[in-house]
Amino acid sequence: MPRWLPLTPVWLIAPTFVLYGIGSLGYVLLLLTGVVTWRGGDGDVGLIGFAQPISFTGYGLALTIAAVSYRLRTRPAGSAADPC
């Protein structure tokens, strides 16, 4: 199997998850400080408001670490030209 085959989707998805998680965390913080308001429901963000951004950011970072590890472990032998 070519090295790029499992790495390409990860390099596309991992940054998306991290950016989505950070953006969601910023939105939750804006909700909590009252800068923006929630029009649906009772206005309480609750625990899911904190869990969702942390989980997406954490999953994106874990995918990134796994992809870097896979790339380093599957380097061709004696290849100093591919530092990372």
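Predicted model: local features only at pLDDT ≥ 70, side-chain atom pairs only at ≥ 80, totals over all residues.

Me: OK, so is Thr-57 buried or exposed?

Reply: Thr-57 is buried, because its relative accessible area is 18% and the cut-off for buried is under 20%. Thr-57 sits in helix H2.

Me: What does the Thr-57 side chain reach?

Reply: The backbone oxygen of Pro-53, at 2.8 Å.

Me: And leaving aside neighbours within four places in sequence, which residues is Thr-57 in contact with?

Reply: With those left out, Thr-57 is in contact with Phe-17, Val-18, Gly-21 and Ile-22. Two of the names, Val-18 and Gly-21, also turn up among the buried residues of H1.

Me: Let's hop over to H1 then. Where is Ser-24, and is Ser-24 buried or exposed?

Reply: Ser-24 is in helix H1, which covers residues 4-33. Ser-24 is buried, at 13% relative accessible area.

Me: What does the side chain of Ser-24 reach?

Reply: The side chain of Ser-24 reaches the backbone oxygen of Tyr-20 at 2.9 Å. Beyond the neighbours within four places in sequence, Ser-24 is in contact with Gln-52 and Pro-53. Pro-53 also supplies the backbone oxygen that the Thr-57 side chain reaches.

Me: Which other residues in H1 are buried?

Reply: Besides Ser-24, the buried ones in H1 are Leu-7, Val-10, Ala-14, Val-18, Gly-21, Val-28 and Leu-31.

Me: Why would residues three or four places apart point the same way?

Reply: An α-helix has 3.6 residues a turn, so residues at that spacing point the same way.

Me: How many residues does H1 have, and what span does H1 reach?

Reply: H1 has 30 residues and reaches 44 Å from first C-alpha to last, close to the 44 Å expected at 1.5 Å a residue. After H1 comes Gly-34, with a positive phi near 85°.

Me: Past that, where is Val-36?

Reply: In the loop between H1 and H2. Val-36 counts as partly exposed at 27% relative accessibility. Setting aside the neighbours within four places in sequence, Val-36 is in contact with Tyr-27, Leu-30 and Leu-31.

Me: Switching to the surface: which residues form the nonpolar patch?

Reply: Leu-25, Leu-29, Leu-32, Phe-50 and Ile-54 form it, with about 440 Å² of accessible area together. H1 and H2 (46-73) each supply at least two residues of the patch, and H1 gives the largest share, three residues. Leu-29, for one, is in H1 and is partly exposed at 45% relative accessible area.

Me: Last one, the whole chain. How many helices and strands?

Reply: Two helices and zero strands. Of the 84 residues, 19% are buried. Among contacts between residues at least 6 apart in sequence, 68% join residues at least 24 apart. The accessible surface comes to about 6,100 Å², with 72% of it belonging to carbon and sulfur atoms.

How values were computed. Residues numbered from 1 in each chain as written. Heavy atoms only, no water. Helix = DSSP H or I, 4+ residues; strand = E, 2+ residues; numbered from the N terminus. Buried < 20%, exposed > 50% of the residue type's maximum accessible area, 1.4 Å probe, protein only. Polar contact = N/O pair within 3.5 Å; in protein donor to acceptor, adjacent residues only side chain to side chain. Contact = heavy atoms within 4.5 Å. Expected span 1.5 Å × (residues − 1). Patch = residues over 30% accessible without salt bridge, like charges linked within 9 Å, V, L, I, M, F, W, Y side chains within 5 Å. Areas by Shrake-Rupley, 256 points an atom, 1.4 Å probe, with all protein chains shown as cover. Salt bridge = Lys/Arg side-chain N within 4 Å of Asp/Glu carboxyl O.
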